[in-house]
Amino acid sequence: MTDNYNLIVYCEYDEGKVADVSLELLTKGRKLATELGVKLEAIVIGDKLEGIENQLFPYGVDLVYKVEDARLYPYTSLPHSSIVINLFREIKPQICLMGATTIGRDLGPRVSSCLHSGLTADCTSLEIGDHTDPKTGKHYDNLLYQIRPAFGGNIVATIVNPDCRPQMATVREGVMKKEIFDANYKGEVVNLDAKKYVDEESFVVKIIDRHIEKSKVNIKNSSIIVAGGYGMGSKEGFDMLFELADTLGAEVGASRAAIDAGYCEDHDRQIGQTGVTVRPKLYIACGISGQIQHIAGMQESAIVISINNDPNAPINSIADYVINGDVEQVIPRLIKYYKKNSK
Amino acid sequence: MSYNIVVLAKQVPDTRNVGKDAMKADGTINRAALPAIFNPEDLNALEQALQLKDKNPGSTITLLTMGLPKAAEVIRESLYRGADTGIVLTDRALAGADTLATSYAIATAIKHLGKYDIIFGGRQAIDGDTAQVGPQVAEKLGLPQVTYAESVKVEDGKAIVTRRLESGVETVECPLPLVVTVNGSADACRPRNARLIQKYKYAVTPSEKAALPAEKAALVDKREFLNLKEWSAAEIEADLEQCGLAGSPTKVKNVVNVVFAAKESKVIDGNDEAGLEALIQDLMAEHTIG
């Protein structure tokens, strides 16, 4: 049907730097485009985009669409969706990927609604494969398998969009790996005239104030993570985790249950399908039972230690070391022996 | 100034507390084992609507929920907190809808309702976590959207909305009407009000009324405010091609139960101090820590 059409990634940027999540999607997009035998395209919408393509080409981008206008930065929903919708009507991409960020999750649904193309949020894996409709028996080659957890992470569903294009998916930061394809790769740039793609009425929402604070928590890049769950019992319980983390030079993470219970108020620390995906050298899970949605966000950790008073906690099955006991007794002992041995 | 406020809410299985009996032996979900609750962020949305109504007496709050007939429970919970009335959009033709077909049905119901100045919904529902229906409803109604809202004020026909983003806070101004999706970090919803529980405990949809004893049903008949609406796809003149499974561009190819590869783990007793020290020494020796 539309097998010759390309794969496009909506790229976010801030302060002149393309977002990690966009580069991660380009890395994945390059592999998928090669498998499909199509081009990898990128679209960047904003202001002061000079040279931004040079950050994209090394990821194997064949074509960069740039739409520049002072009013297009910072992001607002209507102008960006208008541009994406109008461009997609022209170029008819077969696949569109966006970051599952506050921008991608605002823009994606609007675009998919207007184009009547399916959108799958927060995919954890993307693959190309065939599909036969179980009712009609109609066969489709080379569809995008959009694989995502559902139902609180207890199941993983493979979603396909057999008939509508583009096949759209969002992916959270950190889920895909960012990898340079070829440092010398050179694609083309197409500058689009913003006025042809967005009308005045789209600028109806005005940003009147913006306080951007760079997150102080850098859990994604920490090589040691001490994470607490519902079993920590209280905010005071989390203080103990911070002490262990300070001792080890680690960051503190939390399960969704601990965040929901208010034991940890910093949502940036949430690990799991609806939080951050991490791959540290060492993951110390304290009082975490190990709901699937949590394990999905940390299962690639090199070494996992689980401290839990329930010997049957599901997380123990994926742990390298299981410490059976109460966190409030075990953690001070770990701190003590670390201090003793590091002298 | 009084406003016609619509709140979109969903009754969801409580996926946050999935116990051992929630999965059947064959790996499918035992929905009966999961309690049905008011989607948490929709309660945050309701609170924003209630605050707007508090500041603008004469405003009305209409709850709109799509789901099974029993989703009327969500409407009663809202009435107990200060909402005025509600509609359950329920029809077999709407079953199996993905977010696009869902937003079509909801947008069509809102058009059928006719009057709306501001539409609130939670950021996302905990059974799917997609955050798509709010923006898709906005697009289908041709309205602007403001997502990730933490607080909303309305003055001079404009909404001033503070949004919680990954990197900080942004305040935007948008003329009415609009769709606002509210974050879990916004004000928690006020508790039920005892007087309103008394007033609305017999608020029922037509199908629920049919199941009531005659004297209770007669009481409902006498009081207009106890009559909740139940709309079908035909009632809102929805195009069935765009509803339910038929109207969903995304199809579920397959679903698998999640199983993680188990590792062989070394077990240490928490009271075995020598064992804990040996673990620390091992981790230091291999430069994992230290």
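In S16(A), A:Ile224 finds its bridge partner in A:Leu282. The model is predicted: local features need pLDDT of at least 70, side-chain atom pairs count only at pLDDT 80 or more, and totals for chains, interfaces and linings use all residues. Residues are numbered from 1 along each chain as its sequence is written, while chains are lettered from A and ligands numbered from 1 in the order in which they are written.

That bridge belongs to a pair of strands. S14 (residues 224-228) and S16 (residues 282-286) of chain A run parallel, joined by five bridges. Strands (E, at least two residues) and helices (H or I, at least four) are DSSP runs, numbered from the N terminus. Two strands pair if DSSP finds at least two bridges between them.

The open sheet has six strands, paired in parallel, in the order S15(A)-S14(A)-S16(A)-S17(A)-S18(A)-S13(B). S15 (251-254) of chain A and S13 (266-269) of chain B stand at the edges; each has a single partner strand, so one side of each is left without a neighbour in the sheet. From one strand to the next, the twist averages 20°. Axes are lines fitted to C-alpha atoms, for helices over the stretch in contact, and angles run from 0 to 180 degrees between N-to-C directions.

Now helix H3 of chain A. Its buried residues include A:Ile83, A:Leu87 and A:Phe88. Buried means 20 or more other C-beta atoms within 10 Å of a residue's own, exposed 12 or fewer, partly exposed in between, with C-beta atoms placed from the backbone. After H3(A) comes A:Lys92, with a positive phi near 45°.
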